[in-house]
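I opened the model and kept notes as I went. Here is what I looked up.

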Amino acid sequence: MDDSVIIVGGGLSGLRAASLLHSQGIKCAVLEAQDRIGGRVLSVEVEDKPELGKFDLGPTWYWPRYESAMNRLVEELGLATFEQFNDGRVLLERSINELPEQHNLSSDAMEYSRRFIGGAQSLIDALAATLPPDAIHLNTRVISIHHQNNDRVMVQTNAGDFYGNSVIIALPPRVAEQNITFWPELPANVKTNLMNKPTWMANQAKVIAVYEKPFWRDHGLSGFASSWVGPLQEIHDASPSPDSGALFGFLAFLQKCA
């Protein structure tokens, strides 16, 4: 297939790049190795209980004060959002031998953040809707990228070859270096740089517990907790609405406190 720009990765960055290119009349193809778009963004329902809403297994919120680009994108796509719930006391667990402490935080202690109605997946779906139906290629794993003599690029995949004028790699740098062969071969310093480039939250594992109601709010708790004991190190309210409850936490491998 022949496209002006080939985008490797159908996550938020890849889809946003494709949307911007398409808005300028530039033809592009998004190649996604998985059977879905979104990358690390994934919002799911509880099986047989869709009325509880969708829960984010990946990114959950954004910070309007610091992320102006996200603010503009939300407005551009007309997405509905709501404020992350942080009202009430927080819990602090220091030891397995002591009850968790409860603390009141000042109103400005937690940075103001917002979440998407329908989950963060709504952002992905809205971006995909700005593209032609044939622009996204699922189950298409990139094997190699060849810079040809005529300044064209050939991208070899398990589903066939794609040709274009340029390539955008919208993957974590080390994932691209480990899984894609480049011709000509990348310089050694570039490979090292790709492997050492950090990816935000790459080493985190997330767990969500879903409840019929956010019962902790009735007890004056915010849902935010921090633990030195584990297995969850940091916990937040992940309820999609006041009518259904959820808590999410990041797994931590901590030594038990005496």
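**Salt bridges**

I began at Glu185, which is exposed at a relative accessible area of 56%. I call a residue buried under 20% relative accessible area, exposed over 50% and partly exposed in between, with a 1.4 Å probe and protein chains only. Glu185 meets Lys191 in a salt bridge, 2.4 Å from N to O. Lys191 is partly exposed, with 25% relative accessibility. My salt bridge is a side-chain nitrogen of Lys or Arg within 4 Å of a carboxyl oxygen of Asp or Glu.

This is a predicted model, so I took local features at pLDDT of at least 70 and side-chain atom pairs at pLDDT 80 or more, while totals for chains, interfaces and linings use all residues. Residues are numbered from 1 along each chain as its sequence is written, and side-chain values use heavy atoms, without hydrogens and water.

How many salt bridges does the structure hold? I found 6. Among them is Arg16 with Glu76, at 3.2 Å from N to O. Arg16 sits in helix H1 and Glu76 in helix H2, so this pair ties together parts 60 residues apart in sequence. Helices (H or I, at least four residues) and strands (E, at least two) are DSSP runs, numbered from the N terminus.

Next I checked Arg217 and Asp237, whose side chains form a salt bridge of 3.0 Å, N to O. Arg217 belongs to helix H6 (residues 215-218) and Asp237 to strand E18 (residues 232-237), so parts 20 residues apart in sequence are tied together. Is Asp237 buried or exposed? Asp237 is buried, at a relative accessible area of 1%. Arg217 is partly exposed at 23%.

**Helix H3**

I moved to H3, residues 121-128. This helix is mostly covered, with 7 of its 8 residues buried. The buried ones include Leu123, Ile124 and Leu127. What covers them? The cover includes helix H1 (12-23), helix H2 (68-77), strands E3 (43-46) and E4 (49-56), E9, and strand E10 (136-137). Contact here means heavy atoms within 4.5 Å.

**An open sheet**

E10 came up again in a sheet. Four strands run in the order E10-E2-E1-E14, open and with parallel pairing. E10 and E14 (166-169) stand at the edges with a single partner strand each, so one side of each has no neighbour in the sheet. I count two strands as paired if DSSP finds at least two bridges between them. E2 (residues 28-31) and E10 pair in the parallel sense over 2 bridges. Val30 stands opposite Ile136 of E10.

**Two loop asparagines**

Asn104 is in the loop between strands E8 (101-103) and E9 (114-116). Asn104 is exposed, at 65% relative accessible area. Leu91 is 13 residues from Asn104 in sequence and 9.2 Å away, C-alpha to C-alpha.

Asn203 is in the loop between helix H5 (188-196) and strand E16 (206-211). Asn203 is exposed too, with a relative accessible area of 67%. Ser13 is 190 residues from Asn203 along the chain, and their C-alpha atoms are 20 Å apart.

**Whole protein**

The protein has 6 helices and 19 strands. Its C-alpha trace spans about 70 × 40 × 35 Å along the principal axes. Of the 258 residues, 38% are buried. Among contacts with a separation of 6 or more, 64% join residues 24 or more positions apart.
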